[in-house]
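Subject: Structure for you to look over

Dear colleague,

I am passing on a structure that you have not seen before, and below it I set out what was found. Please have it open while you read.

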Amino acid sequence: MITSWRWLMFAVVAAIVHGEPVQKQNLQLPEGAASQREAIVGLFVDSYEAYMKYAWGHDDLLPVSETYTDERNGWGASIADAMSTLWIMGLYDWFDKAVNHMATVDFSKSQTNDTVSLFETTIRYLGGFLSAYELSGYQYDVLVCKAEQVAQQMTYAWVGNNAIPFGYINFTEHEPTIATSNIAEAGTLTLEWNRLSLYTNNDTYRQLAEKSVQHMINMPSPLPGMPAQGIDPATGDAVGGYVTWGGGSDSYFEYLIKYPRLTNTNDNSYVDTWLTAVDTSMKELLRTSTVDEWLYLADYDDDKMIRHVGSHLACFYGGNWILGGKLTNNDTLVNIGLQLTDACWNTYASTATGIGPEVFAYVSSDGNYTGGAAPDGEQLRFYNKHGFYITAPDYVLRPEVLESNFYAWRVTGDTKYLDNAASAIRSFQQYLPTTVAYTGINDVNNINSTKIDDMESFWFAEVLKYLYLTFDDPEHISLDDYVFNTECHPFKAPPAKSAYGSSPGLS
């Protein structure tokens with residue numbers, strides 16, 4: 001435990017939990033924002049034109065080899081993921097083309113021999129279609145029809161009276177793959193399935209998604225409010241005791257605060273559990289690097305050991321704490337979220353390319369244990385300069401650092417976050433171009449890195465949308481009017497409640 005943070009526990013439990021505007025009021029963009037916005041649209045247009053030429057109707061463009069891959073069942077994941085961005089950027093002709101194409105796709109069966117991921121299909125296809133339906137003025141009913149077509153098959157993930165769904169489904173046999181899952185896969189359904197229930201008048205979808213989360217909220221956990229990463233849908237029991245804000249757990253925690261904001265539900269258990277998880281994290285997981293005092297959230301492993309590790313995936317947590325802090329009127333959480341965001345941005349600012357790595361580690365006052373090898377001499381030299389060291393140097397077009405940076409800008413109005421985003425644009429323009437479009441790189445600390453031959457669909461959905469909205473009119477897709485799913489598809493939210501969560505005094 002880091003005793004210097006002990007007092008923060010009291011700030012959480014003593015906060016008066018009521019809503020306030022998330023965004024800084026009367027936020028104005030500085031001169032130069034329009035040119036940055038145009039640069040982002042240029043990245044998008046170049047990428048989407050290459051996708052349409054070499055991969056149309058398939059899931060991902062392989063931009064190095066000018067062909068395609070179908071890792072998301074061959075339904076056209078890049079189209080689904082791009083739709084909300086197309087609308088937001090005003091690319092309406094391409095949006096119409098996307099709708100017309102998706103109207104022809106049969107989502108009742110996989111177009112490949114693969115099973116269907118409940119999580120990935122929900123966040124990309126359901127999220128993409130239902131967000132696009134809302135953004136375009138509810139005029140394309142086929143988007144709801146296609147969302148329901150695929151969701152009907154995914155209901156087979158719930159077997160018997162099981163609260164927790166299995167992670168993968170064989171659409172042909174209407175059977176799930178019997179295997180363990182994780183809390184992110186089982187707990188990142190509520191936003192999308194609630195919206196589907198709303199637009200189909202079939203409440204079954206909402207009930208299934210809520211049943212899963214409620215089970216995890218109430219199950220025994222290694223740390224208060226923080227279930228183990230692994231879970232067995234067959235029994236509903238935890239698998240192991242690993243606790244993390246990173247992959248496999250991340251969006252479970254993300255949706256605990258986002259779902260009540262989207263729905264204004266009177267069920268306080270979601271917010272209360274999120275606040276408990278945050279409280280626990282401040283007491284048990286917050287770590288400060290011994291170099292430059294960067295703030296991170298550590299992992300807690302099966303042996304009850306702190307692992308001094310971080311990841312690009314986990315770097316969503318800054319934005320999530322900023323959002324939750326605003327919704328619960330807790331400036332302490334906002335300020336910690338901003339510090340977490342700054343530390344994650346430092347992983348970009350410190351590399352040769354100006355792009356952050358997939359996984360990193362650090363040293364704090366209680367050591368440098370990571371569960372793996374100790375840092376070598378080169379890593380220690382890097383750490384002594386930058387307050388972290390790289391353990392997996394690849395960049396696969398992930399959005400999370402820019403996601404938190406977007407929240408930080410919209411909440412504070414501090415133009416350093418615009419500077420960060422502008423720096424990322426320059427780095428992407430310089431280091432990600434390949435044969436056609438843009439792609440990931442294998443080593444962010446090497447300006448001559450080899451390329452990864454895959455342009456993930458979330459490049460369209462998340463990276464380019466978060467960047468665009470950072471430089472767009474703050475009242476366009478305001479954080480006070482929309483809630484983003486974990487794939488950056490915005491859903492329209494009602495006016496905020498006056499209070500989120502129970503009265504003060506959470507344990």
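Helix α15 and helix α16 (residues 416-431) pack with their axes 9 Å apart and at an angle of about 150 degrees, where axes are lines fitted to C-alpha atoms, for helices over the stretch in contact, and angles run from 0 to 180 degrees between N-to-C directions. That angle makes α15 roughly antiparallel to α16, since angles over 145 degrees count as roughly antiparallel, under 35 as roughly parallel, 65 to 115 as roughly perpendicular and the rest as oblique. Helices here are DSSP runs (H or I, at least four residues), as are strands (E, at least two), numbered from the N terminus.

This is a predicted model, in which local features need pLDDT of at least 70 and side-chain atom pairs count only at pLDDT 80 or more, while totals for chains, interfaces and linings use all residues. Residues are numbered from 1 along each chain as its sequence is written, and side-chain values use heavy atoms, with hydrogens and water left out.

A pocket is an open set of points on a 1 Å grid over the protein atoms alone, where a 1.4 Å probe fits, with protein on both sides within 12 Å along at least five of seven lines, and lining residues have an atom within 4 Å of a point. The largest pocket holds about 390 Å³ of space, and of its 24 lining residues F119, E120, D250, L313 and R398 lie nearest its centre. Its lining has 12 charged, seven nonpolar and five polar residues.

The second largest pocket has a volume of about 230 Å³, and α14 provides the largest share of its lining, four residues. Among the residues that line this pocket are D376, R381, Y389 and N445.

With best wishes

How values were computed
Points joined across faces, edges and corners; volume = space filled by probe spheres on them. Nonpolar A, V, L, I, M, F, W, Y, C, P; charged D, E, K, R; others polar.
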